[in-house]
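Please read the following account alongside the sequence and the 3D view.

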Amino acid sequence: SSLTLGECADVNECSAPGSPCGLSANCANTYGSFSCSCNAGYSLLSGVCADVDECLGPSACPLGATCQNTLGSFSCVPVSCPPYHVI
């Protein structure tokens, strides 16, 4: 809070350069404080939003594709077969 004409006013910590929540989270100003929520594809781990490895879970990709984790997401890469073979 800051003093404005004898009254305390809330300070929006989220509007300061360099969000207090980091690049992988959204900052929400609350009266006298703030809260952070992780972006999609990230999860709170030891107070920090960390990438979720979706490839660790079952069925991330259909049969015939391998899962490749990326920051905040994943992609399914088709498996290539040698000549005269099919999946």
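Which cysteine does a disulfide join to Cys14? The partner of Cys14 is Cys27, with an S to S distance of 1.9 Å. Before going further, note that this is a predicted model, in which local features need pLDDT of at least 70 and side-chain atom pairs count only at pLDDT 80 or more, while totals for chains, interfaces and linings use all residues. Residues are numbered from 1 along each chain as its sequence is written, and side-chain values use heavy atoms, with hydrogens and water left out.

A disulfide is counted here when a pair of cysteine sulfur atoms lies within 2.5 Å. By the distance rule the protein has five disulfides. With the bonded cysteines counted along the chain, the pattern is 1-3, 2-4, 5-6, 7-9, 8-10. Cys8 is in no disulfide, and the nearest cysteine sulfur, that of Cys14, is 19 Å away from it. Cys8 is also exposed, at 56% relative accessible area. For these labels, buried means under 20% relative accessible area, exposed means over 50%, and partly exposed is in between, using a 1.4 Å probe and protein chains only.

Return now to the link of Cys14 and Cys27. The torsion about its S-S bond is about -70°, so this disulfide is left-handed. Cys14 sits in the loop between strand S2 (7–9) and S3, whereas Cys27 belongs to strand S3, so the bond ties together parts that are 13 residues apart in sequence. Cys27 is partly exposed, with a relative accessible area of 23%.

Strands and helices are DSSP runs numbered from the N terminus; a strand (E) has at least two residues and a helix (H or I) at least four. Strand S3 covers residues 25–30 and strand S4 covers residues 33–38; the two pair in the antiparallel sense over six bridges. Two strands count as paired if DSSP finds at least two bridges between them. One of these bridges links Ala25 to Cys38 in S4. S3 and S4 form a hairpin with two residues between them, and Gly32 in the turn has a positive phi of about 80°.

Ser46 is placed in the loop between strand S5 (42–45) and S6. Its relative accessible area is 77%, and Ser46 is therefore exposed.

Cys55 lies in the loop between strand S6 (48–51) and strand S7 (65–70), and Cys67 lies in S7, so the pair ties together parts twelve residues apart in sequence. Cys55 is partly exposed at 24% relative accessibility, and Cys67 is partly exposed at 27%.Another disulfide joins Cys61 to Cys76, with an S to S distance of 2.0 Å. The link of Cys61 and Cys76 is left-handed, with -90° about the S-S bond. Cys61 lies in the loop between S6 and S7, and Cys76 is in strand S8 (residues 73–78), so this pair ties together parts 15 residues apart in sequence. Cys61 is buried, at 16% relative accessible area, whereas Cys76 is partly exposed, at 34%.

S7 and S8 run antiparallel and are joined by six bridges. Among the bridge partners are Gln68 and Ser75, the latter in S8. The hairpin of S7 and S8 has two residues between the strands, and Gly72 takes a positive phi near 80° there.

The whole protein can now be put together. It has eight strands and zero helices, in the order β-β-β-β-β-β-β-β along the sequence. The radius of gyration is 22 Å, well over the 12 Å that the globule rule gives for 87 residues, so the protein is more spread out than a compact globule. That radius is taken over C-alpha atoms, and the globule rule is 2.2 Å times the number of residues to the power 0.38. The C-alpha trace spans about 80 × 20 × 15 Å along its principal axes.

Of the 87 residues, 9% count as buried. Among contacts with a separation of 6 or more, 5% are between residues 24 or more positions apart, a contact being heavy atoms within 4.5 Å. The accessible surface comes to about 6,400 Å², and 60% of it belongs to carbon and sulfur atoms. Accessible areas come from the Shrake-Rupley method with a 1.4 Å probe, and for residues only the protein chains shown count as cover.
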